[in-house]
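These are my notebook entries on one structure. I record what I looked up and in which order.

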Amino acid sequence: MREVAKDVFCVGGTDVNWVLVRDGSDLTLIDSGWLGDREAVEESIRAIGHRPQDVRAILLTHAHLDHMGALNHMHDQYGTPVYMDPAEVTQARDGHLEQASPMDVALRAWRPSVLAWSYRIMRAGALKHLKIPHALPFPSEGALDLPGHPVPVACHGHSSGHSAYHLPGAGVVATGDALVTAHPTARSAGPQLLPSFFSYSPRAALAALDVLGELSADVLVPGHGAPWRGALSDAAARARRHVLKE
Ligand SMILES: [Zn+2]
């Protein structure tokens, strides 16, 4: 776990990150790992001196299994609501996810390190079916009335309703899978898009970099890879160059 800015924590699960944002005694959780990361999510909350009940809401970047694992548990145990872009709600509720299967990935990005990763994620729940019946769209436009006042930033492409979350006060953007800094299927580290076979619309995913590049922040916390320090415009430019190199 790393405190990437005051009261903003990036936590690593099974090859995926979630983010805790603190405001006094209250927390916002952004994403929630795999099903197998459920306990690790609760431990991370306790590690910063809080209880799971302190989480006022969970914000989902997108309805893929590696980000939605603890949502039902948190809702069943503590009544924690989960909000997301309106365009992502149906997939989350129905469980018809726009997601590459471990087999798709193994066929397209075969390498020993990818095989080891496939094994890890299958143990963490990559073959499970998951529905989030309580999935809700954002309750309001603009900054949300939640700890850290996160501002949803629509960056559709990786999935049809993918959202990043800007924390203007902390100078942080949680980019989910719209802009990552590493992935077991990637050849190098640094700001980049995920390989195109992970995306619902690779074209929209590329265009979303323009939106992210305009945000005023100096820390990027991705869904996969280490947090990255620097201007978001620079991160977006690096990701565009990375696409050209691949
Ligand atoms: Zn992901």
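**Entry 1: Asp7**

Does Asp7 count as buried or exposed? I note at the outset that the model is predicted. I looked up the relative accessibility of Asp7 and found 18%. Buried means under 20%, so Asp7 counts as buried.

I then located Asp7 in the loop between β1 (2-5) and β2 (8-12). The side chain of Asp7 makes a polar contact, at 3.2 Å, with the side chain of Lys6. I also checked the backbone. Most residues other than glycine have a negative phi. Asp7, however, has a phi near 65°, which is a positive value.

**Entry 2: Asp31**

Asp31 is not a glycine, yet its phi is about 65°. I found Asp31 in the loop between β4 (26-30) and α1 (38-47). The relative accessibility of Asp31 is 2%, so this residue counts as buried.

**Entry 3: the cavity**

How many cavities of 30 Å³ or more does a search of the whole structure find? The search gives one. I noted a volume of about 40 Å³ for the largest cavity.

Sorted by class, I recorded five nonpolar, four polar and one charged residues in the lining.

**Entry 4: the zinc ion**

Which residues coordinate the zinc ion? I listed Asp66 through OD, His67 through NE2, Asp177 through OD and His224 through NE2, at 2.1 to 2.3 Å. Along the chain, I wrote the spacing of these donors as D-H-x109-D-x46-H. The pair Asp66 and His224 links distant parts of the chain, as the two are 158 residues apart. I placed Asp66 in the loop between β5 (55-59) and α2 (71-78), and His224 in the loop between β11 (219-222) and β12 (228-229).

Why is the arrangement around the zinc ion irregular? The angles subtended by the four donor atoms run from 87 to 162°.

Asp66 counts as buried because its relative accessibility is 7%. His224 has a relative accessible area of 4%, and is therefore buried.

Key: Residues are numbered from 1 along each chain as its sequence is written. This is a predicted model: local features need pLDDT of at least 70, side-chain atom pairs count only at pLDDT 80 or more; totals for chains, interfaces and linings use all residues. Side-chain values use heavy atoms; hydrogens and water are left out. Donors are N, O and S atoms within 2.8 Å of the metal (3.2 Å for Na, K and Ca); water is not among the atoms, so sites may look incomplete. Four donors count as tetrahedral if all angles lie between 85 and 135 degrees; four count as square planar and six as octahedral if opposite donors are over 155 degrees apart and all others between 65 and 115; anything else is irregular. Helices (H or I, at least four residues) and strands (E, at least two) are DSSP runs, numbered from the N terminus. Buried means under 20% relative accessible area, exposed over 50%, partly exposed in between (1.4 Å probe, protein chains only). On a 1 Å grid over the protein atoms alone, a cavity is a set of points where a 1.4 Å probe fits but cannot get out, and a pocket is an open set with protein on both sides within 12 Å along at least five of seven lines; lining residues have an atom within 4 Å of a point. Grid points are joined across faces, edges and corners, and a volume is the space filled by probe spheres set on the points. Ala, Val, Leu, Ile, Met, Phe, Trp, Tyr, Cys and Pro count as nonpolar, Asp, Glu, Lys and Arg as charged, and the others, Gly among them, as polar. A polar contact is a pair of N or O atoms within 3.5 Å; within protein, one must be able to donate a hydrogen and the other to accept it, and residues adjacent in sequence count only if both atoms are side-chain atoms.
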